[in-house]
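Subject: Structure handover

Dear colleague,

Here is the structure I promised to pass on to you.

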Amino acid sequence: MGCVLGKCLTSSRYPRPSDGDMTQSCDAPPCSLEGKHVLTGRLLESVRVPSHNFRLEYSLLTQRGYYPDSPDKENQDSFCVSTQMRGNPNIHLFGVFDGHGQFGSLCSNFVKEKIVQILCNDSKLLEDPVKAYNSAFLTLNDELRSSDIDDSMSGTTAITALVLGNTLYVANVGDSRAVMAVRVGNRIVAEDMSHDQTPFRKDECERVKLAGARVLTIDQIEGLKDPDIQVWGDEETEGNDPPRLWFPDSLYPGTAFTRSVGDSAAEKIGVTAVPEVSVVELTQNHLFFVVASDGVFEFLTSQTVVDMAARYTDPRDACSAIAGESYKLWLDHENRTDDITIIIVHIKGFSSSGAAAIVGQNGLRISHASSEWGSSEPFCSIRSDFSDPQVSKHVGLMNRNTAIAVPSLTQYRPLEVNILLSLYLRVAPS
């Protein structure tokens, strides 16, 4: 992640899986089911959701990127897993935060440390989780702005999955991603629960233009392509030179994203910390979900990630395989990698009893939460908009692709990556 003047080709020469921090908002830690995993070094962890008599079985992996030009750069990804929030055994949060810019790691860690506290302190969390999410992200942005961290050209993505009984709420700013694996007949289908917020999206592009942003690629800025052509294809075909946001008369900030927490310099051209929120009522067909930084999805589609994860019964094996494949593809295409962080959560023993569901207008599935949540209000799949003037005035920033693509130089492949990939190949099912 990063902008033209922010995070550019910087990271560690000899990456290894990072330990990170596990935020546990509960009286007792999740039960450990097995010994530590050979690749991730983690226990397989599980937590129950007693309101609907199922459990979440999960693991994660975070891998520092490999940047030969900046061998001392730290991992700018952060994550949090908070179980039994507010002492409630039916509320659990999983989040990934991908920092960018000079102080990206400070920004991502700031958000990781604050988000659980802010959500727990919101009296509306159970009554209106979507409103609580919006408020939390804007509060995070304001508090980061008021902190000692210089967020003028630095910030972080934030993708969080909040389990409240049998309902999953996903809030997103940026281009980290959450994906659900859904059983459809004899297939397992990937359903995106978030949508990357970049100028490739027509709605996001038009929104930032209305705020005053120029949207141009590097080639257009340098006169190699016609700046009046405002059609860029998609990220898969044009990811090496994505459209970016610029001030009308300046060559900055050059952000390839339209939302994030932080990045105050870009607020005047429409970059915002307002999240898009999606809501999913869990059923027996929802098998697992993945929350990951764009280091995973740069060269892997959502369906490919789900296909790989579905091959493993242990989410630790799946995390290792996906991280290994992502690393390999980065080094096949470039002489560096991005930081990689992935959380996989299996939904085990789900029963449809305990929650009623109807199909509402426009085919949206509406879930009536049980009385245990302190509210009888229905929740449905929505996406935040800017209709509320008290919300739309807040703006933050974020990013999608890296600064400028670099050709593959496989001779820089670090020894530890080869070891990681060889171990992955040994445990991969035939």
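In what follows, a residue is called buried when its relative accessible area is under 20%, exposed when it is over 50%, and partly exposed in between, with a 1.4 Å probe and protein chains only. This is a predicted model, in which local features need pLDDT of at least 70 and side-chain atom pairs count only at pLDDT 80 or more, whereas totals for chains, interfaces and linings use all residues. Residues are numbered from 1 along each chain as its sequence is written, and side-chain values use heavy atoms, with hydrogens and water left out.

To begin with the chain as a whole, buried residues make up 58% of its 430 residues. Its accessible surface, by the Shrake-Rupley method with a 1.4 Å probe, where for residues only the protein chains shown count as cover, comes to about 17,100 Å², and carbon and sulfur atoms hold 50% of that area. The chain has 10 helices and 21 strands, taken as DSSP runs numbered from the N terminus (H or I with at least four residues for helices, E with at least two for strands). If contact means heavy atoms within 4.5 Å, then 73% of the contacts with a separation of 6 or more are between residues 24 or more positions apart.

A nonpolar core here is a set of buried Ala, Val, Leu, Ile, Met, Phe, Trp, Tyr and Cys residues joined through side-chain atoms within 4.5 Å. The largest one has 32 residues, and those with the most contacts inside it are Met85, Leu93, Ile115, Leu119, Tyr133 and Leu162. Among the elements that give two or more residues to this core are helix H1 (104-120), helix H2 (129-146) and strand E6 (91-100), and H1 provides the largest share, eight residues. Leaving aside neighbours within four places in sequence, tyrosine 133 is in contact with residues including Leu93, Leu119, Tyr169 and Val277. A second, separate core of 28 residues includes Leu61, Ala190, Phe297 and Ala323.

Strand E4 (residues 54-63) has nine of its 10 residues buried, so it is largely enclosed by the rest of the structure. Strands count as paired if DSSP finds at least two bridges between them; E4 runs antiparallel to strand E3 (residues 45-49), with five bridges, and is also antiparallel to strand E18 (residues 340-348), with nine bridges. Glutamate 45 stands opposite tyrosine 58 of E4, while leucine 61 has isoleucine 342 of E18 as its bridge partner. Four residues lie between the strands in the hairpin of E3 and E4, where asparagine 53 takes a positive phi near 55 degrees.

With a salt bridge taken as a side-chain nitrogen of Lys or Arg within 4 Å of a carboxyl oxygen of Asp or Glu, the count comes to 16. One of them joins arginine 55 and glutamate 57 at 3.3 Å, N to O; arginine 55 is partly exposed at 29% relative accessibility, whereas glutamate 57 is buried at 6%. Aspartate 203 and arginine 201 meet at 2.8 Å, N to O, with aspartate 203 partly exposed at 42% and arginine 201 buried at 14%. This pair belongs to a network of salt bridges that links Arg201, Asp203, Glu204, Arg207, Arg259 and Glu276. In the salt bridge of aspartate 314 with arginine 316, the closest N and O atoms are 2.8 Å apart, and both residues are buried.

With best regards
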